[in-house]
Amino acid sequence: MRAPDPVPGGGRPGAAPGRDPLTVHAPRPGATVTVDIFGDKVEAVPAGPAAHAWCSEYVGADVRLLHMDDPATRRPVDPDYALPGETVSFADGFPLLLTAVSSLDSLNSLIAEGDHADEGPLPMNRFRPSVVVAGTTAWAEDDWRRVAIGEVTFRVAKTCGRCVVTTTDQATAERGKEPLRTLGRHRRFGGELVFGQNLVPESTGVLRIGDPVAILE
């Protein structure tokens with residue numbers, strides 16, 4: 001089992017089509033602004049005028065690039081699922097989100113059999129994962145408790161309950177019924193419609209595309 005090969009056309013940090021690359025250094029500690037992350041209020045440091053201008057010109061809106069200067073104290077992981085000292089930065093609720101290629105294939109097969117088959121197949125980026133693994137059976141990740149990816153070990157904190165954001169096509173901004181309609185029929189656990197697993201690192205290190213994946217528990 002391994003992380004799959006990169007998707008053709010993938011970018012690199014600080015680069016965008018038609019624009020010169022921008023290098024942004026971590027800003028010095030200073031005045032912070034309040035950021036709202038799905039209801040969590042977090043303090044962050046602005047990256048500076050050049051970064052704001054570069055990002056704003058590219059997306060066509062007035063935006064700012066922010067830096068979390070102290071992740072160790074700014075935002076703890078949900079206490080219902082966290083161990084002491086676990087924190088998260090600007091991610092939704094946990095440091096990383098893992099999904100599996102085989103599980104997406106299974107989900108797309110179910111979508112093809114449903115009332116909104118024309119909305120599929122869905123691409124993996126609709127689910128915004130941090131880590132995508134290949135070579136597993138569909139939904140095998142439901143039973144994982146600890147995994148090693150390359151040189152880093154992770155605790156599987158909880159399943160990932162999906163929201164209406166997954167129904168929006170990132171390329172067109174059109175909103176449909178899938179995947180929530182099919183997840184509701186086949187992947188409802190308690191009050192959540194589940195696709196993917198939330199990870200918390202137990203060690204530091206670098207993840208690389210193609211790293212081997214080992215199931216520890």
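How many disulfides does the structure hold? This predicted model holds 0 disulfides.

**View 1. Cys160 and Cys163, two cysteines in no disulfide.** The cysteine sulfur nearest to that of Cys160 belongs to Cys163, 8.2 Å away. Cys160 is buried, as its relative accessible area is 10%. Cys163, in contrast, is partly exposed, with a relative accessible area of 30%.

**View 2. Helix H3, residues 101-112, and the elements against which its buried residues pack.** Helix H3 has 12 residues, and at 1.5 Å a residue these should span 16 Å. The C-alpha atoms at its ends are 17 Å apart, which agrees with that expectation. The buried residues of H3 are Ser102, Ser103, Leu104, Leu107, Asn108 and Ile111. They pack against strand E4 (96-100), helix H4 (180-186) and strand E9 (192-201).

**View 3. The salt bridge between Arg75 and Asp40.** The count for the structure comes to 10 salt bridges, and one of them joins the side chains of Arg75 and Asp40, with an N to O distance of 3.1 Å. Arg75 lies in the loop between helix H2 (71-74) and E4, whereas Asp40 belongs to strand E2 (residues 40-46). The pair thus links distant parts of the chain, 35 residues apart. Arg75 counts as buried because its relative accessibility, 3%, is under 20%. Asp40, at 35% relative accessibility, counts as partly exposed.

**View 4. The salt bridge between Asp115 and Arg185.** The side chains of these two residues meet with an N to O distance of 3.0 Å. Asp115 is exposed, because its relative accessible area of 56% is over 50%.

**View 5. Arg146 and its salt-bridge network.** Arg146 forms a salt bridge with Glu217, and their closest N and O atoms are 3.7 Å apart. Arg146 is in strand E6 (residues 146-149), while Glu217 is in the segment after strand E10 (213-215). These two residues are 71 residues apart and link distant parts of the chain. At 23% relative accessibility, Arg146 counts as partly exposed. Which residues make up the network of salt bridges that includes Arg146? Arg146, Glu202 and Glu217 are linked in this network.

Definitions and conventions. Residues are numbered from 1 along each chain as its sequence is written. This is a predicted model: local features need pLDDT of at least 70, side-chain atom pairs count only at pLDDT 80 or more; totals for chains, interfaces and linings use all residues. Side-chain values use heavy atoms; hydrogens and water are left out. A disulfide is a pair of cysteine sulfur atoms within 2.5 Å. Buried means under 20% relative accessible area, exposed over 50%, partly exposed in between (1.4 Å probe, protein chains only). Helices (H or I, at least four residues) and strands (E, at least two) are DSSP runs, numbered from the N terminus. The expected span of a helix is 1.5 Å times one less than its number of residues. Contact means heavy atoms within 4.5 Å. A salt bridge is a side-chain nitrogen of Lys or Arg within 4 Å of a carboxyl oxygen of Asp or Glu.
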